[in-house]
Amino acid sequence: MDLAFAEVNKKIDAMLLNQQSILRRISILEDTQKGLEESYNFLSSSVDELKAEQTKIETDIMVLKKDLNSLQTIQKELKRDYEEKIRGLTEAQLKAERYSRSFNLRFGGILEKENKEAIQEVKRVLSDYLQMEPIIENAHRIGKRGTGKPRQIIAKLLYRP
């Protein structure tokens, strides 16, 4: 019986060792499961935070798109106003230039003489041929020199009468 008892004790010891091994593995699996649960919880909260951040970013993008559309509308309006003002200023400038030129007279056929200013020549012609004493603000010849014929003179009068 002692032999059978010893055999049973060996089997019991082997079973206890096997049970302890299984308990260690279960403990390791439980620790691993806890670690995985903690990782899952961390990742889950991270995903929730990322979703919240994504929602905020999408909202910000929508606001920025609205702002961009508003700015583009304002830019178009400003461009249209700018172009209208430029057009108006250009027309006003052309009108002023035309009006300014209405005080001008063009003289042709007056011979060019050395050391004679165009203003003196115009005054002489008006006085000799038209018996006028106009007040001339400025006078100058136009065109290239040396073409064989006298250049024309543009004279600007101070006022129309």
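D60 is partly exposed, at a relative accessible area of 35% (buried means under 20%, exposed over 50%, partly exposed in between, with a 1.4 Å probe and protein chains only). Keep in mind that this is a predicted model, where local features need pLDDT of at least 70, side-chain atom pairs count only at pLDDT 80 or more, and totals for chains, interfaces and linings use all residues. Residues are numbered from 1 along each chain as its sequence is written, and side-chain values use heavy atoms, with hydrogens and water left out.

The count comes to 6 salt bridges, taking a salt bridge as a side-chain nitrogen of Lys or Arg within 4 Å of a carboxyl oxygen of Asp or Glu. Here are some of them:

| Pair | N to O distance |
|---|---|
| K56 and D60 | 3.2 Å |
| R80 and D81 | 3.9 Å |
| E112 and R151 | 3.2 Å |

K56 and D60 sit 4 residues apart in helix α1 (residues 2-101), so about one helical turn separates them. Helices (H or I, at least four residues) and strands (E, at least two) are DSSP runs, numbered from the N terminus. K56 is partly exposed too, at 46%.

R151 is buried at 12%, while E112 is partly exposed at 37%.
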